[in-house]
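Please read them with the coordinates open.

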Amino acid sequence: MAQSEINADHDIPILHFSSFWAKSIVGLLALVCFATSFDGGFVFDDSEAILNNKDLRAETSLADLWMHDFWGTKLSSNASHKSYRPLTVLTFRVNYILAGGYHPVGFHVVNIILHCVVSVLMLDVYSIVFGGLTYNSKGRRLNLAPKASLFAALLFAVHPLHTECVAGIVGRADLLCALFFLLSFLGYCKAFLQYNNKGGKQFSMSWILMSILLGAIAMLCKEQGITVLGLNALFDAFVICKINMANHFQKLLHRDKALENADFLSKGFLLRIIFMASGGTAILYVRWRIMGTGPPAFTEVDNPASFADNILIRAMNYNYHYSLNAWLLLCPWWLCFDWSMGCIPLIKSVSDWRIITLAALWFCLIGLIYQALCSEDSHKRRILSMGLGFLIIPFLPASNVLFRVGFVIAERVIYLPSVGYCVLITYGCSILNRQVKNKKLIAAAVLGIVLINVMRCIIRSKQWRSEEQLFKSALSVCPLNAKVHYNVGKNLADKGNQTAAIKYYREAIRLNPKYVHAMNNLANILKERNELLEAEELLSRAVQIQPDFAAAWMNLGIVQNSFKKFEEAEQSYWTAIKYRKKYPDCYYNLGRLYADLNRHLDALSAWRNATALKPDHSLAWNNLIILLDNTGNLTQAEAVGREALELLPNDHSLMFSLANVLGKSQKYKESEVLFLRAIKVNPNTASYHGNLAVLYHRWGNLEAAKKHYEISLKLDPIAPGTKDNYSLLKRKLENLQKRSHG
């Protein structure tokens with residue numbers, strides 16, 4: 001064992017624990033940090049990835065799941081984000097089946113367990129990074145740096161930046177990816193079991209193949225999983241082959257013939273690299289064939305820097321984003337669920353003071369890279385090269401270097417890179433502890449950092465329990481983020497607080513005058529409050545900005561219909577359907593327009609389209625029955641009503657509509673049964689009692705009619721027609737009484 005390695009572990013200011021207790025402590029702290037999120041709800045992206053994702057339900061075959069993206073959209077669709085993560089979606093599906101529906105507790109528990117497992121696995125990874133790859137005579141790997149690996153694993157387990165991955169169910173993609181990423185790395189290490197035992201240079205191709213397969217599994221959980229092959233290559237070069245770039249560079253300058261017989265070439269390094277490169281290429285090719293060639297379509301609001309015309313502006317902003325990611329790792333206090341839409345203003349010139357952060361970032365990186373490549377200390381080269389490898393390589397897919405991504409900063413994607421951050425911080429702490437005389441001060445600081453991070457994780461996990469807390473927590477972090485204000489407004493609107501929602505929607509539009517979704521939602525509220533002029537203006541502006549915004553076209557049609565601009569409304573509805581072929585709600589509203597115009601056949605056709613696209617569209621079914629009833633087509637109305645009730649057997653409004661039809665057809669007994677079923681489900685609707693009373697009145701069951709007229713009038717004293725019918729009934733009963741006494 002090298003002396004530097006003994007000193008490095010000795011300089012870590014924490015106690016030494018056995019492997020069992022070290023893993024127990026790490027696992028327990030990881031659990032404590034995020035346990036408060038176990039009974040949280042589905043928040044933010046969970047709605048699209050889980051609640052609205054048909055791939056979780058039995059209606060989607062397992063074969064189809066493999067042809068859809070993470071959000072349940074066909075990969076061949078132009079709307080697909082091309083995020084291909086079928087194994088993650090498969091775990092969501094298992095959760096859904098085991099829980100018997102959308103019960104978030106099971107989803108959250110799995111995420112917490114995964115983070116605990118990954119954190120414990122970090123002990124093995126860090127023991128290799130800090131202590132090297134050494135096996136005893138029995139083939140058991142030795143942990144030569146137990147304190148350093150424990151400290152780094154603790155930093156990883158309690159890092160507040162991980163809250164989004166653990167408390168947000170969508171973060172499971174990152175957790176699963178990290179799990180198989182680390183297993184792939186450890187599998188690659190297993191390939192060199194005999195390297196240190198007998199001084200031989202044998203390696204196991206089967207373990208290398210296993211590592212490639214685990215990398216493929218990691219990629220099927222999330223895209224960045226494939227980068228483990230690059231990390232394995234780096235590990236092979238700097239840990240197995242112990243390549244010293246400074247020495248090789250000097251030999252190259254002096255044309256030293258010894259370079260031709262370099263030791264790493266005789267260790268099978270090139271063979272392993274070619275094998276991994278071939279495996280990685282094959283995996284990427286298969287993925288490319290499944291996904292298709294078209295890149296995902298992102299908008300400027302998703303990633304403004306990537307749309308900058310000037311390449312220098314793009315480069316400056318990308319690097320500024322890297323520095324912000326680094327700052328979040330160092331100081332994870334300002335956390336936000338979304339960093340887009342003005343949250344981080346663009347750097348537009350070199351005179352911007354934020355350029356300093358770019359210089360600071362690259363000053364640190366260049367210094368670390370130089371030490372990692374050129375240090376004479378092999379121990380330092382190993383730690384720094386692996387620390388930088390873990391930090392940079394998994395981050396490359398999110399860097400905008402290889403391709404444009406759909407976000408500015410995403411806390412989830414820093415989960416794996418934080419492994420490298422913890423390596424660098426631990427190594428820096430060991431150096432600092434070696435220089436400082438007061439060891440207790442460093443130990444207290446280390447303990448303080450861990451405890452502060454634990455408390456921050458607990459607080460942040462509570463914020464992720466509900467959308468209201470999550471969205472409001474972002475207002476102080478990103479007050480210029482229009483999306484934050486939009487989500488706060490949407491959450492308030494969903495809870496019925498329209499006045500407060502309007503305020504936040506207006507602020508979102510002020511911050512981003514092209515925010516069409518905020519315009520659409522604000523217009524919907526104004527429409528409900530009968531402020532139709534402003535609603536029409538907002539929706540008209542929204543469709544001008546985004547001509548293919550189908551929902552805005554439909555809502556514009558509704559407002560135009562309210563103004564009796566029937567031709568314009570019809571055109572708006574058809575434009576919405578043009579951009580969204582399968583749009584049942586739009587067909588429903590189109591049918592209402594045709595009904596207002598007495599175009600009954602067109603109305604029936606539109607509502608039939610709505611029910612064909614969405615068989616549980618209760619309103620469309622009801623309108624079909626009512627229109628057929630009103631136009632005297634009782635036989636057809638009855639047939640449609642029965643068809644609807646087969647699909648929606650517990651829908652009281654359908655029971656009520658069909659009961660009315662049956663009553664008019666003098667099928668009194670069957671009509672009575674449906675009225676009573678509707679009343680049982682919804683006993684406080686006056687019209688249900690009123691119409692049942694009319695049925696009894698016709699049928700001659702006057703006492704029952706009297707009872708339900710009275711209930712109806714009690715529920716709604718001004719119910720149209722009920723009071724008159726009740727008066728007629730009372731007179732009839734009085735006449736009957738007089739006759740009986742006469």
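1. What volume does the second largest cavity have? It comes to about 30 Å³. The model is predicted, with local features needing pLDDT of at least 70 and side-chain atom pairs counting only at pLDDT 80 or more, while totals for chains, interfaces and linings use all residues. Residues are numbered from 1 along each chain as its sequence is written, and side-chain values use heavy atoms, with hydrogens and water left out.

2. Grid points are joined across faces, edges and corners, and a volume is the space filled by probe spheres set on the points.

3. The structure has two cavities of 30 Å³ or more. The second largest cavity is lined by V43, F44, D45, D46, E164, G168, V170, R412 and W464. Its lining splits into four nonpolar, one polar and four charged residues (nonpolar: Ala, Val, Leu, Ile, Met, Phe, Trp, Tyr, Cys and Pro; charged: Asp, Glu, Lys and Arg; polar: the others, Gly among them).

4. The largest cavity has a volume of about 50 Å³. Its lining holds 13 residues, and H321, N325, F395, A398 and V408 lie nearest the centre. Nine of the lining residues are nonpolar, four are polar and none is charged.

5. The second largest pocket has a volume of about 1,200 Å³. Of the 44 residues that line this pocket, Y322, S323, A326, W327 and L361 lie nearest its centre. By class the lining has 37 nonpolar, six polar and one charged residues. Helices α15 (311-330), α16 (355-374), α17 (378-392) and α18 (417-435) each supply at least two lining residues, and α15 gives the most, with ten. Helices here are DSSP runs (H or I, at least four residues), numbered from the N terminus, as are strands (E, at least two).

6. F38, V105, V109, I113 and V117 make a nonpolar surface patch of about 380 Å². Patches take residues with over 30% relative accessible area and no salt bridge, joining like charges within 9 Å and nonpolar side chains (Val, Leu, Ile, Met, Phe, Trp, Tyr) within 5 Å. Areas come from the Shrake-Rupley method with a 1.4 Å probe, and for residues only the protein chains shown count as cover. F38 sits in the loop between α2 (19-34) and α3 (46-51). Its relative accessibility is 39%, so F38 counts as partly exposed (buried is under 20% relative accessible area, exposed over 50%, partly exposed in between, with a 1.4 Å probe and protein chains only).

7. The count of salt bridges is 26, a salt bridge being a side-chain nitrogen of Lys or Arg within 4 Å of a carboxyl oxygen of Asp or Glu. One of them joins D39 and R465, at 2.3 Å from N to O. D39 is in the loop between α2 and α3 and R465 in the loop between α19 (439-463) and α20 (467-475), so the pair ties together parts that are 426 residues apart in sequence. D39 is partly exposed at 37%, and R465 is partly exposed at 29%.

8. The C-alpha atoms of V32 and C457 are separated by 8.9 Å, although the residues are 425 apart along the chain.

9. K565 and E536 form a salt bridge with the closest N and O atoms 2.9 Å apart. K565 lies in the loop between α25 (550-562) and α26 (566-579) and E536 in helix α24 (532-545), so parts 29 residues apart in sequence are tied together. K565 is partly exposed at 30%, whereas E536 is buried at 12%.

10. E570 and R599 also meet in a salt bridge, at 3.6 Å from N to O. Salt bridges that share partners join E638, R642, K667 and E670 into one network.

11. Is helix α11 (228-240) largely enclosed or open? Eleven of its 13 residues are buried, so α11 is largely enclosed by the rest of the structure. Among the buried residues are N232 and D236. Just after α11, K242 takes a positive phi of about 50°.

Notes. On a 1 Å grid over the protein atoms alone, a cavity is a set of points where a 1.4 Å probe fits but cannot get out, and a pocket is an open set with protein on both sides within 12 Å along at least five of seven lines; lining residues have an atom within 4 Å of a point.
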